[in-house]
Amino acid sequence: MTWVAAGFLALGVFFGVVGNFGVLRFPDLYTRLHASAKCSTTTVVSIFIACVLLEGFSALSGRIVVIALFFLLTGPVTAHIIGRRAWMRGVLPWRRRRAL
Amino acid sequence: MDVKLILDLAVYALVGVTALSTVRVAIGPTPEDRLIGLNLAASQVLAILVLLAVRQKQAVYLDVALVYAILGYVGILAIARHLEKEEGS
């Protein structure tokens, strides 16, 4: 069980590193938002799964499940609010420059 | 395999990743970019708090993590609404 939890922790750290590189490297607000939203959700959920596996069935793991449900509800809503605000302000999506 | 060592390594890695994600808050060209960086940093701090709670076996960290998640959500909503009002006037 410890090895499975260690694997989930490594997966969470990997998703965090990849998401940060995406947020730093992508050219546009919407692509950065995409990287940020996906990778933050996967990081948090895989680390919470690892913590529940390490902890077993106890009061701690029950609270972790509650926090995970709350995060699963609010993460996409936050990303949607940020993206909608940018769209209303008139930020145009990035396109690859192409020779006509 | 020592459980505490694994949790320590994960906490150190996540602290480094959070420091990396505040770069976007510093250099973001638009306010929305700064909000994206802030959202990412908040989610990683939430993961760090849960890891610390499991490592120290203390449930207080989990209460802090829940309140932090709620306040981060409400704070980002309030900042977005404030920017929208500033834009419209």
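Predicted model: local features only at pLDDT ≥ 70, side-chain atom pairs only at ≥ 80, totals over all residues.
Which residues does A:Cys51 touch, once its neighbours within four places in sequence are left aside? A:Cys51 is in contact with A:Ile64 of its own chain, and with B:Val50, B:Leu51 and B:Val54 of chain B.

## Chain A

The secondary structure of chain A consists of three helices and zero strands, and its elements run α-α-α from the N terminus on. The C-alpha atoms of chain A fill a box of roughly 60 × 25 × 15 Å, taken along the principal axes. The radius of gyration of chain A is 17 Å, whereas a compact globule of 100 residues would have one near 13 Å.

Of the 100 residues in chain A, 38% count as buried. When contacts between residues at least 6 apart in sequence are considered in chain A, 65% of them join residues at least 24 apart.

## Helix packing within chain A

H2(A) and H3(A) pack with their axes 10 Å apart and at an angle of about 180°, which means that H2(A) is roughly antiparallel to H3(A). On the side of H2(A), the residues that make this contact include A:Leu29, A:Leu33, A:Val44, A:Phe48 and A:Cys51, while those on the side of H3(A) include A:Leu60, A:Ile64, A:Phe71, A:Ile82 and A:Ala86.

By class, the residues in the contact of H2(A) with H3(A) divide into 18 nonpolar, five polar and one charged. Among the residues that take part are also A:Ser40 and A:Thr41 of H2(A), as well as A:Gly75 and A:Gly83 of H3(A).

## Chain B

Chain B likewise has three helices and zero strands, and its elements, taken from the N terminus on, run α-α-α. Its C-alpha atoms fill a box of roughly 60 × 25 × 10 Å along the principal axes. For chain B the radius of gyration is 16 Å, while a compact globule of 89 residues would have a value near 12 Å.

Buried residues make up 39% of the 89 residues in chain B. Of the contacts in chain B with a separation of 6 or more, 42% are accounted for by residues 24 or more positions apart.

## The interface between the chains

The contact between the two chains takes 37 residues from chain A and 39 residues from chain B. Helix H1 (3-27), helix H2 (31-56) and helix H3 (60-88) of chain B each supply at least two residues of the side that touches chain A, and H2(B) gives the most to that side, with 15 residues. By class, this side of chain B has 28 nonpolar, six polar and five charged residues.

## B:Thr22

B:Thr22 is found in helix H1 of chain B. Is B:Thr22 buried, exposed or partly exposed? B:Thr22 counts as partly exposed because 15 C-beta neighbours lie inside 10 Å, and a residue would need 20 or more to be buried or 12 or fewer to be exposed.

With its neighbours within four places in sequence left aside, B:Thr22 is in contact with B:Gly37 and B:Ala41. B:Thr22 and B:Lys85 are 63 residues apart in sequence, and their C-alpha atoms are 26 Å apart in space.

Notes
Residues numbered from 1 in each chain as written. Chains lettered and ligands numbered in written order. Helix = DSSP H or I, 4+ residues; strand = E, 2+ residues; numbered from the N terminus. Rg over C-alpha atoms; globule rule 2.2 N^0.38 Å. Contact = placed C-beta atoms within 7 Å. Nonpolar A, V, L, I, M, F, W, Y, C, P; charged D, E, K, R; others polar. Axes fitted to C-alpha atoms, helices over the stretch in contact; angles between N-to-C directions. Parallel < 35°, antiparallel > 145°, perpendicular 65-115°, else oblique.
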